[in-house]
Amino acid sequence: MTGDRKPCGAQQECRYQFAVSASNDLKAKNMENNKLEKLPLPGGVYETTLNNMYKNRKPYSPADPKHLLSFIPGEVLRLDVQPGQAVKEGEQLMMYKAMKMENRILSPITGTIKAIHVEVGQNLPKGTLMIEFE
């Protein structure tokens, strides 16, 4: 860690510069090329360099309660509902095998099934849309 460091209060600004590199020359070059940007945090506002991974990250969006996503990689064993079917919260929708365990997938809400985006026997990665509610 290089740069000036000042104690931070709730409304004070602090100056930090972070660089991780194999050599001091590369570190110095990175510090010259990157301008400092303000990063507001609960403890104060910090000035730091931000990498491209941070700058290009996907913005946070809350989960859509009408979309049922796979929570872990696994396989669809059985579907217990069909599109257009009304379901109540807690009703079983499907069986899902993950980590050698069979998981009962229950309805998180009361509603109607709009679409089923998976098939029996299909292997799914984490975060795949399985069932959509109206």
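## Strands, hairpins and a nonpolar core

Strands E7 and E8 form a hairpin with 2 residues between them, and Met99 in the turn has a positive phi of about 55°. The model is predicted, so local features need pLDDT of at least 70 and side-chain atom pairs count only at pLDDT 80 or more, while totals for chains, interfaces and linings use all residues. Residues are numbered from 1 along each chain as its sequence is written, and side-chain values use heavy atoms, with hydrogens and water left out.

Strands (E, at least two residues) are DSSP runs numbered from the N terminus. Two strands count as paired if DSSP finds at least two bridges between them.

| Strand | Partner strand | Bridges | A residue and its partner |
|---|---|---|---|
| E7 (residues 92–98) | E8 (residues 101–106) | 6 bridges | Lys97 and Glu102 |
| E2 (residues 37–41) | E3 (residues 44–48) | 5 bridges | Glu37 and Thr48 |

Strands E9 and E11 belong to an open sheet of 4 strands with antiparallel pairing, in the order E4-E11-E9-E6. Its edge strands are E4 (67–69) and E6 (86–87), each of which pairs on one side only.

Is Glu132 buried or exposed? Glu132 counts as buried because its relative accessibility is 16%, where buried means under 20% relative accessible area, exposed over 50%, and partly exposed in between (1.4 Å probe, protein chains only). Contact means heavy atoms within 4.5 Å. Not counting residues up to four places away in sequence, Glu132 touches Lys66, His67, Thr112, Ile113, Lys114, Ala115 and His117.

A nonpolar core is a set of buried Ala, Val, Leu, Ile, Met, Phe, Trp, Tyr and Cys residues joined through side-chain atoms within 4.5 Å. The largest such core has 15 residues, of which Leu93, Met94, Tyr96, Met130 and Ile131 touch the most other members. E7 and E11 are the elements that give two or more residues to this core, and E7 gives the most, with 4 residues. In soluble globular proteins, nonpolar side chains tend to be buried together.

Which residues does Leu93 contact, leaving aside its neighbours within four places in sequence? The contacts of Leu93 are Leu68, Leu79, Asp80, Val81, Val87, Ile105, Leu106, Ser107, Ile113, Ile131 and Phe133.
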